[in-house]
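Here is a briefing on one protein model with its ligands. Look over the sequence and the structure first, then read on.

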Amino acid sequence: MFDYIIIGAGPGGLGLAYSLNNGKRKVAIIENDKWGGTCPNYGCDPTKVMMAVVEAKARVENLKNQGITGELSLDWKGIRGRKLAITDPLEEKTLAGLQKSGITTLYGTASFTTTGEIQVADKVYKARNYIIATGTRPRQLDIVGKEFLKTSNDFLALEEMPRKVTFIGAGSVSLELAQIAHATGAEVTVIASGDLEIGHFDKEIGEVFLNQLKAEGIVFKENINISKVEKSIDGFVITDKNGHQLLTDLVIAGVGRVANVDLLNLEAVGVGADQSGVFVDEYLQTSHPQIYALGDVISKKQGHFTPVSDFEGRYLGENLVSTDRQPIDYPVIPAVIFGATKLAQVGQLEGEGIKLKSFDLSSWYTYKRINDPVAKMKVAVNDANEIVGAVTVSSVADEVINLLMILIQQKINLLEFDKMISAYPTVASDLGYFY
Ligand SMILES: Cc1cc2nc3c(=O)[nH]c(=O)nc-3n(C[C@H](O)[C@H](O)[C@H](O)COP(=O)(O)OP(=O)(O)OC[C@H]3O[C@@H](n4cnc5c(N)ncnc54)[C@H](O)[C@@H]3O)c2cc1C
Ligand SMILES: NC(=O)c1ccc[n+]([C@@H]2O[C@H](COP(=O)([O-])OP(=O)(O)OC[C@H]3O[C@@H](n4cnc5c(N)ncnc54)[C@H](O)[C@@H]3O)[C@@H](O)[C@H]2O)c1
């Protein structure tokens, strides 16, 4: 008998396992694929290791003929080799870390039994509480030729970068991988089924980001509904509902992700869920009192990001053992689409008493110094002169947004900000001008 059994060893499940494991409690964690979950094996880490090379090339190219001469080219094999060396060992390290800390590790697909226990292969395990942290997997398109569609996982495993790569869907997965493919020499097309805009981001700044990707040479096609994909001698032919065709060497479907709930036998324990995830209350408790859920697998309005899963893991780690249960209280959550140019947003941009200020940052010293091709910011300030939201596009948007997140979360107004000194010239030394 365990105290806690966690299903899924991604950032959420792992955060919870370590938080609950104090030597006295018996904690088990179950994984049916790679220890560490999506982020280190198929998501954040490998994509950002690859992106670092794309960013470095752009940084140099932005200063070309301003003291830098010569041609640069990226080599996919080298980029992939870097990824293999940095992120592939993480799986083994994660498993070793769990075993060293005394957490029981079980390998296999977990599902609930009709008596409310957990089954893995032919063994049944019992616990006081069960926590579902099974994440998501790429959504598959139900079209003719769906067997020819590849996913982000397949992209990361490519041995060669094909000459022509097409992405279906213009969300974060496609927009990041499209930049990597394009920088390594592929002709890249991104197909959006509706108008080209990035959900959850400010429309105007999102458009600046997309225009920059277009200026770099990525081709976007909007309002295209794909009806079939066929194999031809030269590659694959994508046909849309109007009969237009596109020839390509590789098709990646980046059309969202679905919750890993189907193998869990949730009906047996009466836990509600659909493709968007497991239904939980503000304590991350499901309709079954012994079963909780966290991370990407839950149906929620918060973004599907590693630090959110980790936050939920740490929240449950405290709440499950506390006599004074508190509902989860999410802080502001930054979202970033990475690339040589990055798009980043945090907090709220509209609401009562909120003023939105726009800044063209390209002439600011921080950005002029590195000659960023685009640098813009919108900041939302409330009546109390506190920053409550921001959206920005530039090569350093990921760093700026985290600093703005701290100002928002800590409600630091200009008076308090002015009591601090930031190193200059850095993105931090610009912050006072945004109030
Ligand atoms: C291409 C890509 C890039 C990304 N980039 C970023 C980024 O830059 N920054 C960021 O914050 N987020 C990023 N994300 C999102 C991030 O990876 C996820 O938000 C994060 O991994 C979610 O953690 P989790 O623990 O909730 O789920 P997961 O990491 O998905 O872990 C769930 C685990 O449960 C296992 N599992 C599923 N079903 C069962 C079962 N029945 N039995 C046993 N085990 C099971 C799965 O194999 C998996 O290992 C990216 C995602 C993708 C796909
Ligand atoms: N930097 C990051 O933090 C990062 C990077 C990559 C992925 N992620 C996470 O991974 C998750 C999945 O990303 P994603 O890009 O797969 O999903 P997404 O939901 O961000 O985007 C999917 C896109 O596909 C489009 N789409 C859906 N059906 C389509 C169709 N039939 N034809 C064409 N387009 C279609 C949608 O309109 C949407 O624009 C996200 O939740 C995201 O949070 C995060």
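Which residues come nearest to ligand 1? Gly-12, Glu-31, Thr-38, Lys-48 and Ser-309 do, out of 37 residues around ligand 1. A residue counts as near a molecule if one of its heavy atoms lies within 4 Å of it.

This is a predicted model, in which local features need pLDDT of at least 70 and side-chain atom pairs count only at pLDDT 80 or more, while totals for chains, interfaces and linings use all residues. Residues are numbered from 1 along each chain as its sequence is written, chains are lettered from A and ligands numbered from 1 in the order in which they are written, and side-chain values use heavy atoms, with hydrogens and water left out.

**Ligand 1**

- The side chain of Glu-31 places an N or O atom 2.5 Å from an oxygen atom of ligand 1. Polar contacts with the ligands are pairs of N or O atoms within 3.5 Å.
- The side chain of Lys-48 has an N or O atom 2.8 Å from an oxygen atom of ligand 1.
- Cys-44 uses a polar backbone atom, 3.4 Å from a nitrogen atom of ligand 1.
- At least two shell residues come from each of helix H1 (11-20), strand S2 (27-31), helix H2 (38-42), helix H3 (44-61) and helix H9 (306-319). Helices (H or I, at least four residues) and strands (E, at least two) are DSSP runs, numbered from the N terminus.
- The shell around ligand 1 holds 14 nonpolar, 17 polar and six charged residues. Ala, Val, Leu, Ile, Met, Phe, Trp, Tyr, Cys and Pro count as nonpolar, Asp, Glu, Lys and Arg as charged, and the others, Gly among them, as polar.

**Ligand 2**

- Ligand 2 has 18 residues around it, and Arg-139, Val-173, Glu-176, His-304 and Val-336 are the closest.
- A polar backbone atom of Val-336 is 2.8 Å from a nitrogen atom of ligand 2.
- An N or O atom in the side chain of Arg-139 is 3.0 Å from a nitrogen atom of ligand 2.
- Gly-254 has a backbone N or O atom 3.4 Å from an oxygen atom of ligand 2.
- Seven nonpolar, seven polar and four charged residues make up the shell around ligand 2.

**Domains**

- The domain assignment, automatic or from a database, gives domain 1 (2-138 + 258-320), domain 2 (146-255) and domain 3 (341-433).
- Ligand 2 lies between domain 1 and domain 2, because both give residues to its shell.
- The centres of domain 1 and domain 2, taken over C-alpha atoms, are 26 Å apart.
- Contact (heavy atoms within 4.5 Å) links 15 residues of domain 1 with 15 residues of domain 2.

**Backbone**

- Most residues other than glycine have a negative phi, and most peptide bonds are trans.
- His-200, not a glycine, has a positive phi of about 75°. His-200 sits in the loop between strand S10 (187-191) and helix H8 (203-216).
- Tyr-424 and Pro-425 are joined by a cis peptide bond, with omega about -5°. Pro-425 is in the segment after helix H12 (414-417).

Note on methods: A polar contact is a pair of N or O atoms within 3.5 Å; within protein, one must be able to donate a hydrogen and the other to accept it, and residues adjacent in sequence count only if both atoms are side-chain atoms.
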